[in-house]
Structures are given as C-alpha cells and as structure tokens.
Amino acid sequence: MRALYTVPVAVLISINPSSKRHTEQLRNKIELSFDPEEMFFNPWRDEGLKLLRKPEFIWREIPSAKIEGFAVSDHDEINKRIRSFVSKTMRHRSFSKAVEVNLLPAVVDKAEFRKSTVLARGKMILSGASGTRLLNAYRWENEDADFDPEEKLHSYFEKCQKDNSGRKLPVEEVFLENDLDLGIACRNTFNFFHFIVESLSQLTILDDVGFQGNIMFHYPNSEEKRRPFAESFVAALFPEYAGRVFFQRAPKAYDLVMTAFDFNIALGQAPDGDAQLFESLTPQARESGLDLSGMEDQQIFEMNSVSSGLLALRRRALKAIESQDFSYLPKRFFVGRDNQSSRRRPMDGEEGLLDHLTRFGFAHVDFEKLSPLEQIAIMAQAEVMVSVHGAGFTNMLFANPDAFVIELGTVQTARYRWKEFWPLAHAAQCNYLTFFADYNDDDPFIEPKFEEHGILPVRLSEKAIAQVVSFIVTILGETPLMPNSKFLSQLARRVLRAGKAENAIALLQAHQDMVKGDVPLCLLLADCHKELGETKSELVALNAAYAADPQRWQTLIRIFWCASNCERPQVVRWALSTLERDFPDRHKAFVANHDWIRFVA
C-alpha cells in the first residue's frame, strides 16, 4: 500500500506544533474565500483525478415516480400557501422524467479528506452532495464580500465549459494498484439519510473493479455521535468486504486513493455540448433550460435526478433479501420514532391517526428496532407506509413501485425538506405523497427559522386525520361515506392525482346521488375515465355534465373532442351544431382556430 501523503505546511497555514488538536482543526479547515478557479477542481483540465473506466453516459432519462402534495391545515390561509407552493413546484420545478447521473470509480493523486470534502492536489472536487454543500457554503460565506458570489460562480462554470471544449476526461483503464484504499467522505455518521444516500451508495462503484484494498469512511463529527446503523448496513449489504471496512475521523491524506466521482455538479463544468440543458425535460412553465451554475437551478436538477450509485444500492439491497422469508413483516404500517436513537419531534394527533389506521390492518413499526435487511424487506413488500417527516423516508429507496409512501409534514418541510426525498422516490418509482398539515405549536402561523426553531413537529387535527384516513382507505379499495359534495370532490381529486383513477371512479359511483346533477363532479368523473383511456365512459360523464348545465359551452367543446376520439360522428356533429346555435361567437372562434372543423359534415 502506498504511504500516506503528508500535507504541505503551506496548506496548513501557520500552526503551533505543540498543539495537536489545533493542528487537526486547521488541517480540517475548508477555506472558501479565494477565486473559484483556484479552489475548485476542474476534472477536464486539472491533474490529479482519473476515472477507472470510460463513462457510458454522464446523464440519461429514467421513468419518474408519482409525487404529489396535499394541504390539510385547519386554516384557509395556510392551505392557500401550501397549495400555491405545491402548484408552483409541479409547474416550475418538476421534470417530465427523472434523470440518472453517473457515479464512477476514480483514482485521486495527492488526496485529502477534510470535513466531508475530497481534495485533489489542494483543490476541492465538486462531486455529489459534497459539491453542492461546497458551492452553497461559498455563497453564504461570501455574502458580505465586495463581489457577488453568485456571479463569480456563474463566470467560473461558464469559463470551464469554454476552456474544456474538445477535452475528454482522463481515464486509467488498467487498475494498477490492487491494494489501493477506497476513501469515502461522509457528511456525518449519525444521520441515517446522509449516510445511506451519500456515503453507502458509493461502495457500489467497486462492483466491477476487482477491489482488494481497505474501505475508509472519513467523517467530521466526534466519535460520541457515531451510530451503529452505519456499520450494520455496510455489513448487511457488502459482506464481501468484512474486516476491510474502517471508520476514521477526518482529516486524512493519501498519496494515492480511490474514490467515487459523481457528475451532478461536474455537468456545469463539462464542455459546451456535453452539458446539455435538459430543455426536453424541464417544465413548460420555465422559459429556458437549466443553468447549473445557479443555486436555484442546481436544486431543481438535484431533486429530479438520481445517482447511478443509489440505483445500484437499491438493486443490491433487493437482491440481498431475495432468498429470505420476511412474510412476518406487516405490509401496512405506521413508522414511529425511537426516542433513544432519534431527535424527538412528537406529532399531535398520532394516537388518533393510529386508532383509525389499526382498523384497516396497519401496524406500528420502529425502523430502528429492525435489522437492515428487515428495513429493506418491509419496504419491498409494503402496500402503504405512513410516517411523520424524518430520516425514515430514506428507506423509500427500497420500496416496490406499487407502494404508497405517505408523509405527514408542514409548510416548513414542504419548503425546505420535501425535495430531498424526491430522488429516493424516483429511484424506487413508487408513489410518494405528502399531506402538509399544521405546526404543533401555540402559534400555527409561525414562520420558523432553522437556526432558532429547528424542524417544528406536526399537528394533525381531527379534521386532518379524517382527510388522511379517508384517502388511505380509498386507495386500498374501500369507499368511505362522504358527508357532502365538497369533501367527495376533494377526496376523489386527490385519489386521481395519486394515480388511482379506478378507485376515484368507484368512490364517485358509490355517491351517485351527489354526482347526478353536479357539474364539477360529473367533469371529475370524466377526468378519471380519461386518465384510464376509457373514452366512451368519459363521453357518458360529459353528457351528464352538459345535461346538468346546458349553458356551459366548455362542456360542448370537450364533448366534441371526446366524441372525435371514440369515433362517434353523430355526437361530433351534434356538439358542433349545438355550439353554433347556442354560442355563435364561441363557435366562430373555435372554427377559426381549427380550420379543418369546417369540413366536418
């Protein structure tokens, strides 16, 4: 094995050799006051990093998950905020398909692990979540500088793209040092989400390498904060490396080390033409593609993208449980929080919710009390998982595509945490649905600040519990009795948005007395049939909507299109002639916008 690389004194600034702790703190320091070109590693130009194989792709399209959010606050003002946020997110921030970003093994020369960052020859590598944190830290730490950090970053990435034109990433296809260590930078070893998603997934790069060295997890937190789940998951999913896995605090330096390189931030450095701007995937509400040098667009890209390492970890995890019997685990369950191993954020209303859920076969589960393979298996077998916002949703990575993973959150989690779990949902291609409720606080209208309040707990009122439970039982095939058309419409529409049009139809049919003569409900029923491609049934529902209100010209136009799709020429002619007779101005505009209609006999 190569000898450890000694960090140059110039990098350490000026230290007192007698103070070992002070020395370590300085060695672990990340300095972000210099020009980006001096600090950040450009893999297309700077020496010090080589990939171990040519990338088959940098990014590619993959199917996306079903992701939705619903407002269940007791206050109209808060519900309005939630609906506005969810609508804006779906229209402006959600890709039409998800994106897989490649994660590849690389060899780094003169490597340093500081905090949760990897450096090559003194420059910080912008890879994965570590790279995102570096860029955000650069913005925050230079807020009061005499320059605009956002403009600096934009200029840096723009220059990289131009300077890298025509260049290829350096590749070392022959693995020369079989005893080379693998170094992994951890954000910490006490947060389940960050360790599984960011650190454990990096081990998948070894699958095709023929690795013989040691695996070194480097973390910045104190030893007292370490949690046993890290070692447990490594042992359960990567048993072939038993005895060769070590956890060590940063800083540490190597003459030569293997690590994982994620292209998510590097896309912004890639040569012109290689860094495609995802115009075909970005929402139509956005006027242009993404500029990956900007904080907002980076966040949008990351919430819609998945590391290939995360997908590989999912495959490995599901394979690990194939030959074992986990039939004793529940398929419908509420996930609680173990007070001893997690920060307690009690939800007001939990007992009431559980009282209703247990009537439909739900069990109470603590992930912390399950083994790693049991945590994987319970999600792989799940019909419905329900829980309060928290790191437990990391296990959504292992959910089967038909599972409904239901989160209970607040306006705060909607704004700041919702997007973090989107990649896990996309990896599983499951149904990730969130009900945003009230804060468990004396002031429900509080605007919490992380530095002051942290994550505020959830309050689920009886009214909110009724909405959540009625939704859950409906997607499970039950038909709850709704008190009026308003609540019926709200529930059916949510079920439709969740991808269960057939269940929404069953619900509406069970309330035919409410649907008959109610234009919005008739149109909603038509929407459900349209979602399933049932044009004849859609036409029946549209006719019922028109009968309920013949003065609504929009219904006639929709009847025209639906009848055209299901080849009902007589209905097409009737709708067109009725539109001309009763709404001549609308008929004239409609024909003017569709010239071919004048030839419809």
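User: Buried means under 20% relative accessible area, exposed over 50%, and partly exposed in between, with a 1.4 Å probe and protein chains only; is H426 buried or exposed?

Analyst: This is a predicted model, in which local features need pLDDT of at least 70, side-chain atom pairs count only at pLDDT 80 or more, and totals for chains, interfaces and linings use all residues. Residues are numbered from 1 along each chain as its sequence is written, and side-chain values use heavy atoms, with hydrogens and water left out. H426 is part of helix α14 (residues 422–428), where helices (H or I, at least four residues) and strands (E, at least two) are DSSP runs numbered from the N terminus. Because its relative accessibility is 4%, H426 counts as buried.

User: Which residues does H426 touch, not counting residues up to four places away in sequence?

Analyst: Contact here means heavy atoms within 4.5 Å. With residues up to four places away in sequence set aside, H426 touches P63, S64, A65, I67, A98, M303, N304 and V306.

User: D207 makes a polar contact through its side chain; which residue is the partner?

Analyst: D207 lies in the loop between α6 (192–199) and β9 (215–219), and because its relative accessibility is 39%, D207 counts as partly exposed. A polar contact is a pair of N or O atoms within 3.5 Å; within protein, one must be able to donate a hydrogen and the other to accept it, and residues adjacent in sequence count only if both atoms are side-chain atoms. At 2.8 Å, the contact joins the side chain of D207 to that of R316.

User: How far apart are the end C-alpha atoms of helix α23?

Analyst: The expected span of a helix is 1.5 Å times one less than its number of residues. Helix α23 has 14 residues (569–582) and should therefore span 20 Å, and the expectation agrees with the model, where its end C-alpha atoms are separated by 20 Å.

User: Which exposed residues does α23 carry on the face turned away from its buried side?

Analyst: The buried residues of α23 are V572, A575, L576, T578 and L579. Because they cover an arc of only 165° around the axis, they are on the same side of α23, the arc being that of the directions from the helix axis to the C-beta atoms. Their cover includes α21 (535–548), α22 (553–565) and α24 (584–593), while the face turned away from the buried side of α23 carries the exposed residues Q570 and R581.

User: What covers the buried residues of α24?

Analyst: In α24, the buried residues are H587, F590 and V591. Seen down the axis of α24, these residues fall within an arc of 95°, so they line one face of the helix. The exposed residues D585, K588 and N593 are on the face turned away from that buried side, whereas the cover over the buried residues includes α22 and α23.

User: Which residues do ring pairs link into a cluster with F192?

Analyst: F192 is buried because its relative accessible area is 13%, and F233, at 2% relative accessibility, also counts as buried. Together with F192, the cluster linked by ring pairs holds F195, F217, F229, F233 and F247.

User: What is the phi of E567?

Analyst: Most residues other than glycine have a negative phi, and most peptide bonds are trans. E567 lies in the loop between α22 and α23, and because its relative accessibility is 67%, E567 counts as exposed. Although E567 is not a glycine, its phi is positive, at about 55°.

User: What is the omega of the cis peptide bond from A250 to P251?

Analyst: P251 lies in the loop between β10 (245–249) and β11 (252–262). The bond from A250 to P251 is cis, with omega near 10°.

How values were computed: Rings of Phe, Tyr and Trp (its six-membered ring) pair if their centres lie within 6.5 Å; planes under 30 degrees apart count as stacked, over 60 as edge-to-face and the rest as tilted.
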